[in-house]
Amino acid sequence: MSVVTYTLENEIGIIRLNNPPVNALSLALRSGLEEAINNAQDDASKALVILCEGRTFIAGADITEFGKPPMEPSLPAVIATLEQSNKPIVAAIHGTALGGGFEVALGCHYRVALSSAKVGLPEVKLGLLPGAGGTQRTPRLAGVEAALELMTSGNPISSQKAHALNLIDEVVDTDLEAAAIAFAQRLITDQAPLKRIRDINIDPASAPKELFDGYRKTLARRARGQIAPQNIIACVEAAVNLPMDEGLAKERQLFAECLTSPQSAAMRHMFFAEREAAKVKGLPKETPLRPVNSVGIIGGGTMGGGIAMNFANAGIPVTLLEINDEALQRGLGIIEKNYAISAKKGKLSDAQMQQCLSLVQGSTDYQDLAEVDLVIEAVFENLDIKKDVFTKLDAVCKPGAILATNTSYQDVDQIAAATQRPQDVIGLHFFSPANVMKLLEIVRGEKTADDVIATAMQMAKTIKKVPVLARVCYGFIGNRMLQPYFRESQLLLIEGSTPEKIDSVMENFGMAMGPIAVSDLAGIDIGYKARQGLSAEQKGPAKTHCVSDALVEMGRLGQKSGAGFYTYDPETRARQSDPLVMELVEAQAKAQGIERREISDEEHLNRMTFGLINEGAKILEEGIAQRPGDIDVVYIYGYGYPVSRGGPMHYADSVGLKKIYDTICQYREQYGEVFWQPSALLKQLAEENKTFAQWAQENA
Ligand code: T1G
């Protein structure tokens with residue numbers, strides 16, 4: 001199958017590209033496109049049209065080629081050939097013209113798009129910038145501010161919006177090919193000029209210094225520590241101040257800086273890891289899916305309400321079940337309030353909100369769940385209560401219904417054992433707020449059927465979640481790894497640190513929020529309650545929780561009570577230090593016989609991050625997670641881990657597993673093997689001088 005074909009139809013040369021699945025700009029496609037343009041310069045055609053087969057126009061450079069030696073023709077060279085053509089070229093856009101794909105379209109002289117099409121420059125999400133002229137051509141057509149927004153957000157825009165920005169010349173609803181050919185025909189008839197974007201100059205008055213400085217400041221906060229956004233700003237400034245070819249040279253220089261950065265390697269890793277995570281090892285591709293056309297949610301609390309919204313947003317009717325009408329009305333009220341907030345923020349229209357709300361019905365009768373395809377239990381995090389719910393579901397739900405639990409810790413196998421149909425039981429662990437957080441941990445029980453797993457993975461995509469498959473263990477993947485991470489934060493605190501120091505080390509690393517602040521956000525009383533009734537041994541050494549316990553017993557539960565490790569402004573909820581906390585920490589240290597000491601930033605960082613990584617390695621070796629990249633996806637989409645680090649396992653590879661293993665062995669000597677028992681897999685890979693990525697390839 002040829003990647004590029006050329007046909008001459010009357011006076012129009014038609015260039016068709018066909019490189020499934022997304023017409024990425026592979027070497028073959030670049031070479032074929034350049035050859036077709038060059039050949040058409042001297043034939044009978046008077047105008048050219050570039051069309052793509054399949055579901056989309058070119059979706060960008062071939063990301064799999066990055067990191068390999070560059071191969072000619074480069075994309076900038078191909079685009080220069082397009083732009084220098086002696087006859088007009090029309091790009092016919094459908095699907096998503098992204099990155100290098102949209103840059104190809106900008107190298108053409110005109111662009112025609114389907115109304116359903118989108119265009120965008122998402123390179124920043126890969127730690128890159130548009131490196132084939134996008135930073136120079138977009139501001140020349142759309143203006144500096146629109147170009148900055150398009151490239152620094154990386155979000156696609158509709159063809160209508162692109163048309164309003166002069167990025168698209170014509171938007172059509174019907175036959176794109178016919179419309180593009182007709183457009184080209186009119187160019188010939190009208191003897192239209194070759195509209196080369198490079199010939200447009202930008203009025204410097206449209207790009208005041210304050211505009212660029214404002215973007216720099218905003219992005220320094222929003223994309224903390226990221227190189228690409230800042231480089232995009234510099235490129236757009238060059239588009240304003242330099243001639244085209246000098247601007248292109250500046251772009252190429254700054255693109256190269258991004259491409260070779262660890263940040264971009266991390267973000268490209270995440271692009272593929274997210275897609276890999278959706279694939280279940282050993283599951284036949286043709287595994288049949290069960291229908292999910294109706295859903296029952298048990299429990300109308302914050303989680304149940306948020307979960308219900310995901311399905312209503314996807315147009316799937318939901319029955320929300322509560323134990324009595326008062327609880328039910330409260331649950332429905334939560335959903336209405338959340339939709340009203342979204343509508344107020346302009347995230348959906350009033351009509352869309354009403355449509356979603358109409359899909360959510362309430363009930364207090366299990367019988368109303370008899371015909372639903374999927375039930376998700378989101379009741380109190382207590383195993384006995386969950387078992388009772390599943391026994392009732394087993395008695396009521398139709399054969400083949402999928403019975404899911406939203407538990408974040410409980411044993412899915414024990415819940416399944418409360419039914420006669422363990423093969424239909426699965427864990428769907430949503431993250432709060434469930435209608436916002438994209439991560440969905442899908443927990444397969446020992447007896448969960450293949451088609452239930454396959455259906456859950458597909459359902460996740462339907463409700464726009466990022467699925468990661470886990471087997472059963474305490475806390476599955478994400479929450480299990482949190483244990484050592486939070487434990488070390490508490491130990492650092494009592495051994496000599498402060499909440500501010502601990503959080504600043506992790507926030508400077510890139511975490512959205514440090515562990516102490518997260519404890520306050522989630523509620524310090526959650527851990528406290530979980531420890532009640534446990535033996536001293538089960539609770540773990542007192543020094544790991546004595547400070548938290550003391551705060552809870554003082555009524556300082558965290559943000560929810562206005563004070564925890566920090567105090568919180570009742571209006572802004574901004575956190576403030578409280579000297580009382582350090583008095584308490586010092587008193588607890590004394591009571592535990594701990595001599596407080598100065599602890600380096602490096603030790604702070606390594607104890608918290610290596611604790612996380614070591615647990616991740618154990619999760620891998622136990623087969624709880626399928627791949628190290630899956631663990632990275634969990635932490636980036638569920639726990640605010642910086643995407644520019646690629647996730648804990650990718651970060652571990654960048655640090656070097658031998659260094660991590662040796663440091664953990666040193667911590668075992670210093671702090672005891674209760675806390676620091678190195679993973680066998682980590683030991684093995686360190687000794688073999690391998691990475692988690694190599695392990696993933698060997699175990700694909
Ligand atoms: N290169 C290589 N493979 C790609 C790819 C790409 N650009 N885009 C998608 N794939 C693969 C993907 O890995 C998956 O493979 C399959 O296609 C379907 O993708 C010079 C430097 C287009 C919106 O960032 O946003 O151009 O898992 O599952 O949900 O300035 O893919 O089936 O084996 O995502 O329908 C800029 C990235 C590149 C766009 C379709 N472009 N792609 O979404 O399918 S850098 C991008 C997407 C660049 C220039 C710069 C989405 C999509 P597999 P999918 P989808």
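The legends below describe close-up views of aromatic contacts in a predicted model. Residues are numbered from 1 along each chain as its sequence is written, and side-chain values use heavy atoms, without hydrogens or water. Local features need pLDDT of at least 70 and side-chain atom pairs count only at pLDDT 80 or more, while totals for chains, interfaces and linings use all residues.

**View 1. Tyrosine 110 and phenylalanine 183 form a tilted aromatic pair.** The structure holds twelve aromatic pairs. Rings of Phe, Tyr and Trp (its six-membered ring) pair if their centres lie within 6.5 Å; planes under 30 degrees apart count as stacked, over 60 as edge-to-face and the rest as tilted. Here the centres are 5.6 Å apart, with 55 degrees between the planes. Tyrosine 110 belongs to strand 6 (residues 110-114) and phenylalanine 183 to helix 7 (residues 176-190), 73 residues apart. Helices (H or I, at least four residues) and strands (E, at least two) are DSSP runs, numbered from the N terminus. Both tyrosine 110 and phenylalanine 183 are buried (under 20% relative accessible area, 1.4 Å probe, protein chains only).

**View 2. Phenylalanine 431 and tyrosine 639 pair edge-to-face.** The pair is classed this way because the ring centres are 5.5 Å apart and the planes stand at 75 degrees. The two residues are 208 residues apart in the chain, and each lies in a loop. Phenylalanine 431 counts as buried at 8% relative accessibility, as does tyrosine 639 at 16%. One aromatic cluster is formed by Phe431, Phe509, Tyr635, Tyr639, Tyr641 and Tyr651.

**View 3. The charged end of arginine 275 sits over the ring of phenylalanine 271.** The distance to the ring centre is 3.6 Å. A charge sits over a ring if NZ of Lys or CZ of Arg is within 6 Å of the ring centre and within 35 degrees of the ring normal.

**View 4. Arginine 607 lies over the face of tyrosine 671.** Its distance from the ring centre is 4.2 Å.

Conventions: Buried < 20%, exposed > 50% of the residue type's maximum accessible area, 1.4 Å probe, protein only.
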